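Subject: Structure handover

Hi,

Here is the structure I promised to pass on.

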Amino acid sequence: MTETTQPLDITPAEWKVMRLIWSLGPSSTTQIVTEIQQQSDWKTSTIKTLLRRLCDKDLLTTTKDGRQFMYHPQVSEQLAMNETAEALFTQLCEMHKGQVLLDLIQKTEISRSDIQALQQKLAEKLLTAPETVDCNCLPDRIADCHEHEKE
């Protein structure tokens, strides 16, 4: 699997297809269509269009296995999730990223081992963390941004 150098451009529908292929491993067109149609009312042509787009984006490759095409992921699920999250977080105000993370943690079911890993990482970061993080939206209006934070 390759590492990408630019943020991934994956639509919600493409995510659904990619998640299926990451779960199943290399999969045939028939297998992908069958699985997705069990979960949704997508037409076969829609699914094949999504597969083609994912190949065009170099997120999938195909091989021929008899009369079937097999689809293989070219990027790992973890890398895709990380790059997507990082791309989103580069768009957010520096000052509010912590609150977004808190909200995500509150709304997301996570395992005990993930919670322990988070606690360990947060304890490490606490040693060098600044008292506050300044807004990076309008550098000359940082004070205004801090006032809005209190509201």
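First, some background. This is a predicted model, in which local features need pLDDT of at least 70 and side-chain atom pairs count only at pLDDT 80 or more, while totals for chains, interfaces and linings use all residues. Residues are numbered from 1 along each chain as its sequence is written, and side-chain values use heavy atoms, with hydrogens and water left out.

Helix packing

Helices are DSSP runs of H or I with at least four residues, numbered from the N terminus. Axes are lines fitted to C-alpha atoms over the stretch in contact, with angles from 0 to 180 degrees between N-to-C directions.

H1 (residues 12-24) and H2 cross at roughly 120 degrees, and their axes come within 11 Å. That makes H1 oblique to H2 (under 35 degrees is roughly parallel, over 145 roughly antiparallel, 65 to 115 roughly perpendicular, and the rest oblique). On the H1 side, Lys16, Val17, Leu20, Ile21 and Leu24 meet Gln31, Ile32, Glu35, Ile36 and Gln39 of H2, where contact means heavy atoms within 4.5 Å. This contact has 6 nonpolar, 2 polar and 2 charged residues (Ala, Val, Leu, Ile, Met, Phe, Trp, Tyr, Cys and Pro count as nonpolar, Asp, Glu, Lys and Arg as charged, and the others, Gly among them, as polar).

H2 (residues 29-39) also packs on H3 (residues 44-56), at about 120 degrees with the axes 10 Å apart. H2 is therefore oblique to H3. Thr29, Ile32, Val33, Ile36 and Gln37 of H2 meet Thr44, Ile47, Lys48 and Leu51 of H3.

H1 and H3 have axes 10 Å apart at an angle of about 85 degrees, so H1 is roughly perpendicular to H3. Ala13, Glu14, Val17, Met18 and Ile21 of H1 touch Leu50, Leu51, Arg53 and Leu54 of H3. By class that gives 7 nonpolar, no polar and 2 charged residues.

The largest pocket

Its volume is about 1,400 Å³ (the space filled by probe spheres set on grid points joined across faces, edges and corners). A pocket here is an open set of points on a 1 Å grid over the protein atoms alone, where a 1.4 Å probe fits, with protein on both sides within 12 Å along at least five of seven lines; lining residues have an atom within 4 Å of a point. The lining counts 33 residues, with Phe89, Lys97, Leu101, Ile105 and Leu122 nearest the centre. H4 supplies the largest share, 8 residues. The lining divides into 16 nonpolar, 10 polar and 7 charged residues.

Best wishes

Conventions
Helices (H or I, at least four residues) and strands (E, at least two) are DSSP runs, numbered from the N terminus.
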